[in-house]
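This report is written for a reader meeting the structure for the first time. Please look over the sequence and the model before reading on.

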Amino acid sequence: MSFTVLDTLLTSVGGVINNLVCNSKDKEKIKSELTTVILNHYDQVYTLQKEIIMNESQGNWLQRSWRPLVMLAFAMVVILGVFIDIPLLKDSSPFWSLLELGMGGYVIGRSAEKISCKMIEKLKK
């Protein structure tokens with residue numbers, strides 16, 4: 001999940017708390033506790049994802065390489081589409097959604113995992 005979604009969720013929860021609780025000290029305490037709970041949940045999700053990736057990396061060659069191979073195949077299709085008209089690369093093609101999903105899971109997911117760990121460490125201090 002992206003940090004935009006997380007930020008929107010925390011902002012929305014904060015808005016609900018502002019409307020329900022009158023005392024500003026209570027508002028901040030509730031917001032802090034909810035933020036900690038949500039970030040702990042994300043930490044657990046990312047930990048499980050990390051375990052899956054670690055287990056895949058300890059498997060055979062195909063288990064270790066399927067993600068990079070898929071992304072290389074996507075890249076080859078896009079590069080080939082520069083030189084040849086491929087119907088798969090039309091603007092309305094679901095290929096682009098699949099590519100976005102792959103990029104989000106492969107690249108952005110790893111970055112989000114690293115950043116969330118740092119955020120959680122700061123909150124625990």
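## Overall fold

The model is predicted. Its chain has 125 residues, of which 20% are buried. Four helices and zero strands are found in the chain, and the order from the N terminus is α-α-α-α.

Contacts between residues at least 6 apart in sequence can be sorted by separation: 51% of them join residues at least 24 apart. The chain has an accessible surface of about 9400 Å². Carbon and sulfur atoms account for 65% of that surface.

## The nonpolar core

The largest nonpolar core consists of six residues: Met 71, Phe 74, Ile 86, Leu 89, Phe 95 and Leu 99. Two or more residues of this core come from each of the helices α3 and α4, the latter spanning 95–124.

Leu 89, one of the core residues, touches Val 77, Val 78, Gly 81, Phe 95 and Trp 96, when residues up to four places away in sequence are not counted. Among these, Phe 95 is also a member of the core.

One of its residues, Trp 66, lies in helix α3, which covers residues 61–83.

Is Trp 66 buried or exposed, or partly exposed? The relative accessible area of Trp 66 is 39%. Because this value falls between the limits of 20% and 50%, Trp 66 counts as partly exposed.

Conventions:
Residues numbered from 1 in each chain as written. Predicted model: local features only at pLDDT ≥ 70, side-chain atom pairs only at ≥ 80, totals over all residues. Heavy atoms only, no water. Buried < 20%, exposed > 50% of the residue type's maximum accessible area, 1.4 Å probe, protein only. Core = buried A, V, L, I, M, F, W, Y, C linked by side-chain atoms within 4.5 Å. Contact = heavy atoms within 4.5 Å. Areas by Shrake-Rupley, 256 points an atom, 1.4 Å probe, with all protein chains shown as cover.
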